[in-house]
Amino acid sequence: MEPQQDALVVRRIGDIPIACYAHRAYLARHGTPETLEDIGNHRLIGFDRQTAYVRTMVQRFPAAGGIAFAFRTDSYLAQLAAIRSGCGIGMCQTGLGDADPNLVRVLPGIMDMHIGTWVAMHENLKTSPRCRAAFDALVEGLKIYLDNCVSTRA
């Protein structure tokens, strides 16, 4: 979600694409879902609490609000580790999923989403050379990452 707090210096990076992925071994054992209805027959990896992003996802896909996840965590790193270990199907950034030869995109074009991404710091820190350098490096690195995510999809 876009930062709303006053007294912040905010820089919008863009929209990081997200899609469903599963490990090749998981799909070999359980089959590849071809419709949204099929996905209900699989072990799903997902969230534990409804964060702002999750609420946005549920608005777009209302059925997602009632999913019984086989693995639940609010840690995106833990979700990615579970996907990579073959625990089930989960959402991850396409820049990470597409780069892993063991992961397969599931339901491409159907479950694709994006995360709006911003870098923010308190306005009192903008005159600090170290904080400004860190802010600028994060912006530059994330923009490069986003450009790579978009170019690998084209």
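Which residues does Ile39 touch, not counting residues up to four places away in sequence?

Modeller: Happy to! First, this is a predicted model, where local features need pLDDT of at least 70, side-chain atom pairs count only at pLDDT 80 or more, and totals for chains, interfaces and linings use all residues. Residues are numbered from 1 along each chain as its sequence is written, and side-chain values use heavy atoms, with hydrogens and water left out.

Now to your residue: leaving aside residues up to four places away in sequence, Ile39 touches Cys20, Pro33, Leu44, Ile89 and Leu107. Contact here means heavy atoms within 4.5 Å.

Ile39 also belongs to the largest nonpolar core, which has 15 residues. Such a core is a set of buried Ala, Val, Leu, Ile, Met, Phe, Trp, Tyr and Cys residues joined through side-chain atoms within 4.5 Å. Buried means under 20% relative accessible area, exposed over 50%, and partly exposed in between (1.4 Å probe, protein chains only). Those with the most contacts inside the core are Cys20, Ala22, Ile39, Ile89, Met91 and Val106. Strand 1 (8–23) and helix 1 (24–30) are the elements that give two or more residues to this core, and strand 1 gives the most, with three. Helices (H or I, at least four residues) and strands (E, at least two) are DSSP runs, numbered from the N terminus.

Let us follow one partner of Ile39, Cys20. Cys20 counts as buried because its relative accessibility is 3%. A disulfide is a pair of cysteine sulfur atoms within 2.5 Å, and the whole structure has zero of them. For Cys20, the nearest cysteine sulfur, that of Cys92, is 9.1 Å away.
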